[in-house]
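Below is a short report on the structure shown here.

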Amino acid sequence: MRFALPLAVLIALLALFAVGLQRDPRRLPSPLIGKPAPAFDLPTIALPGPPGAVPPPARMTQADLRGAPVLVNFFASWCAGCQDEHPFLMELARSGEVRLVGIDYKDAESDLRRWLGRHGDPYAVVLSDLSGNTGIDWGVYGVPETFVLDAQGRIVFKQIGPLTPEAWQRIRPLLQGSAS
Amino acid sequence: MSAELGHFALILALGVALLQWGVPLIGWRRRDARLLAFGASAAHAQFLCVLVAYACLTYAFVTKDFSLAYVAENDHTRLPLFYRVTAVWGAHEGSLLLWVLILSGWTVAVSVFNRRLPLEMGALVLSVLGAISVGFYLFILLTSSPFDRLYPVPTEGHDLNPILQDPGLALHPPVLYMGYVGFSVAFAFAIAALIGGRLDGAWARWTRPWTVTAWMFLTLGITFGSWWAYKELGWGGWWFWDPVENASFMPWLAGTALIHSLAVTEKRGLLKSWTVLLAILAFSLSLLGTFLVRSGVLVSVHAFASDPTRGLFVLGLIGVVVGGALALYAWRAPRLSAYGELNLLSREGLLLFNNVFLVCAAGVVLLGTLYPLVLDALGLGKISVGPPYFDSVFVPLIVPLILLVGLAATVPWKRARLAESLRRLRMPAAAALAVGLTLPLAIQGRTTLVAVAGTLLGVWAAGTAVQDLWRRVRSKADWRAGLTSVPRAAWGMNLAHIGLGVWAIGVACVTSFGAEKDVRLAPGAHAELGGYTFVFQGEREAAGPNYTAQQGSVLVEREGTTVARLYPQKRLYASQGTVITEAAIHPGPFGDLYVSLGEGYDDGSWSLRLYDKPMVRWIWLGGVLMFLGGGLAASDRRYRLARALERRSAQAAEATAA
């Protein structure tokens, strides 16, 4: 019997793979939709911005996100999916359509600097969630995840996995609705 | 025209592989020596066919035949000749062709070197290898042919991915594939043993050199990969726990376990069914690696184009090959396993521990690599598991493993006396302690717990290996006689263990003392790092054959004397509109200085990343030593002698029968 065990393990693994290949990974509702963004108080990371830019305050809370719609992007330098979405975030930042706030999830600051230095920095401000506690409060399963907040600081949309141009097409009307 | 010839040769190779699979199997059922002997001829014919196909594709790349879709995607008129040749394996279709070429090469090698094997055994091995080739030919021909034509023919190609335009890449995939594919031979031997019912010390002795050869290439391939990533990805890191890296590392761990359990099976006739299972596992993990890289189920830095049909095909292939093997195992292994006494305080006992640690390490890497996929399959969202997980689970497994290396080299087979072994280990232990405490201080002037622990482990592994060689040499009266009396296998084993030690020292030092700094410097300004002064002297334009670059000039000084001039580049490959950072590295045996160029600003200043990487080369030196050790071990005289003896006895038996 014990000689058949490896075969059983293989069958279980193959079943998982087969299901994994079929799935569209980005469909999952968040219980936070329509609710105010969970509270946080995180240090910001000082990054070399364009000359003359105003440096961000040393710490920020959820209150600082109010006033205009904002995308809160949980990411990390060690995350492959984040690298995947990065060019699109850069494009979004260049277009200036929306403010991007990055929350660096369980990541060493030096790694982050290196990563942003290499790939470019699309964020208006980057906060450091070294312990991952904010991620837990926000219900982050894993990076990358992107929350769309309206001007009142309510979560109106959550993207699990890389932010794609298709997802952006769904997000944009939500922003226009909340701005007016 | 040549493309059609290549395509046709590939179809022909499929036909030959089918024969190579079926005919010896029928011969085995009917006990027909002529049919059994057919496998070797088929292997040679198959190799010829796939070589023609490969040559045709290479010809298309060299002559820039953009009427082939694959060439148009990965070639460019201004790509240098060297990269036009290596671009053949720069993407999915061509790298699969390289895969079957290497598989076919291994098959030919088996058919040549195993003439001394019992005919039935050799024929079954070739049959299994033929079956694997059939699967891969079908994969290429049905889902990913590199010979598909494109119409209208583009006037210019899309160019080879610029991060692959590096000499490191020229070496990395072929060597890595040599290792991946090489495990198919150990796999075929295991299946042949299960079918034929012969699983003994002789079987282990036949399998060992093949496994060690595959393992040494995989080691070298991973080493090249790490070196390439360090050089080319511009992050100054040497290992990222990227899924594709893990895909090559898992078979390595399983293969390392296999090498050690084969030793136990050969010397003591124990752990037989476990060894067979490991042989299946090592090759299965190689296949899994292919699946992970090719299917895009896991997002990765290196992953090539993803395509669900290809993923499903590889999945089916894994299902058939590995599922078939494990079903055969479940059916036949109970009859083949032997029960014998295994004393834990003996070399075989310690090697069993070694296997437990290695397989657990492969298991946790597998878990970390697949966990995102499992969560996804269960509908729990898509996540990425990163280095924090791997570092925290891998280190506790590798540390006892290195301790075991020293212990197992000292303890004899069968039964050891604890006091005697401990007495022998006093010298290496003292050396490890002394060097571990002083070396980091001597080189860096400061020390950390990680540096002490890593150096201690490294000196321990290397020291016990040196001691083992020393004892062997000293056992003869004359040192010259002693030197020649040491078998190559012992040189190889100890050299590989020294390599492991060197690797550990490198890892410990670079993680403890590596320093980095992000700076923004105007021309003429300078920054300090690790006792060096980096002066940014300005930036200018530079051009290569198919790119334009902004090239910074950095002068590195130490106490007023010039250490190096570094020219990091930011290259724009116009063909793909891709910008690549080309770091400038000043290499040294005790540390690298590494500068890469960031963003340029309007006022003429640049952001630069500076790294001081002490002992980083020791990591790759360790890998190269393991490779050389594997080479020595695989070429041990014992295997050749044993084969000659077996052949003579087989001939004698035939003569008596006649």
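## Ala33 of chain B

Ala33(B) belongs to helix H2 of chain B, which spans residues 33-62. In this predicted model, Ala33(B) has 13 C-beta neighbours inside 10 Å and therefore counts as partly exposed. The C-alpha atoms of Ala33(B) and Leu119(B) are 7.6 Å apart, although 86 residues separate the two in sequence. Leu119(B) falls within helix H6 of chain B, residues 119-143.

## Helix packing in chain B

Two packed helices are described by the angle between their axes and the distance between the axes. Helix H1 (residues 2-30) of chain B packs on H6(B) at an angle of about 150°, and the axes are 8 Å apart. The pair is therefore roughly antiparallel. H1(B) and H6(B) cross in the left-handed sense. Sorted by class, the residues of this contact are 19 nonpolar, five polar and one charged.

The crossing of H7(B) with H8(B) is left-handed. Their contact contains 22 nonpolar, nine polar and two charged residues.

The crossing is right-handed. On the H5(B) side the contact includes Leu98(B), Trp99(B), Ile102(B) and Trp106(B), and on the H7(B) side it includes Pro173(B), Pro174(B), Tyr177(B) and Met178(B). By class, twelve residues of the contact are nonpolar, three are polar and none is charged.

## Strands S4, S6 and S7 of chain B

Strand S6 of chain B (residues 569-573) pairs with S4(B) and with S7(B). Strand S4 (residues 548-558) of chain B is joined to S6(B) by four bridges, and the two run antiparallel. Within this pairing, Thr548(B) has Leu572(B) as its bridge partner. Four of the five residues of S6(B) are buried, so the strand is largely enclosed by the rest of the structure.

Strand S7 (residues 578-582) of chain B also runs antiparallel to S6(B), with five bridges between them. Arg571(B) stands opposite Ile580(B) of S7(B). S6(B) and S7(B) form a hairpin with four residues between the strands, where Gly577(B) has a positive phi near 65°.

## Backbone exceptions in chain B

Most residues other than glycine have a negative phi, and most peptide bonds are trans. Lys64(B) is not a glycine, yet its phi is positive, at about 55°. Lys64(B) sits in the loop between H2 and helix H3 (69-74) of chain B. It counts as partly exposed because 17 C-beta neighbours lie inside 10 Å.

Glu559(B), likewise not a glycine, has a positive phi of about 50°. Its place is the loop between S4 and strand S5 (561-566) of chain B. Is Glu559(B) buried or exposed? Glu559(B) is exposed, with 8 other C-beta atoms within 10 Å. The peptide bond from Tyr151(B) to Pro152(B) is cis, with omega near 0°. Pro152(B) lies in the loop between H6 and H7 of chain B.

## Chain A

Chain A contains five helices and seven strands. In order from the N terminus, its elements are α-β-β-β-α-β-α-β-α-β-β-α. The chain has 180 residues, of which 38% are buried. Among its contacts with a separation of 6 or more, 73% link residues 24 or more positions apart.

An open sheet of five strands in chain A has the order S5-S4-S3-S6-S7, with mixed pairing. Strand S3 (residues 70-75) of chain A pairs with strand S6 (residues 145-149) of chain A in the antiparallel sense, over five bridges. Val70(A) has Leu149(A) of S6(A) as its bridge partner.

How values were computed:
Residues are numbered from 1 along each chain as its sequence is written. Chains are lettered from A and ligands numbered from 1 in the order in which they are written. This is a predicted model: local features need pLDDT of at least 70, side-chain atom pairs count only at pLDDT 80 or more; totals for chains, interfaces and linings use all residues. A crossing is left-handed if the near helix is turned anticlockwise from the far one by less than a right angle, and right-handed if clockwise. Ala, Val, Leu, Ile, Met, Phe, Trp, Tyr, Cys and Pro count as nonpolar, Asp, Glu, Lys and Arg as charged, and the others, Gly among them, as polar. A residue is buried if 20 or more other C-beta atoms lie within 10 Å of its own, exposed if 12 or fewer, and partly exposed in between; C-beta atoms are placed from the backbone. Two strands pair if DSSP finds at least two bridges between them. Two residues are in contact if their C-beta atoms, placed from the backbone, lie within 7 Å. Axes are lines fitted to C-alpha atoms, for helices over the stretch in contact, and angles run from 0 to 180 degrees between N-to-C directions. Angles under 35 degrees count as roughly parallel, over 145 as roughly antiparallel, 65 to 115 as roughly perpendicular and the rest as oblique.
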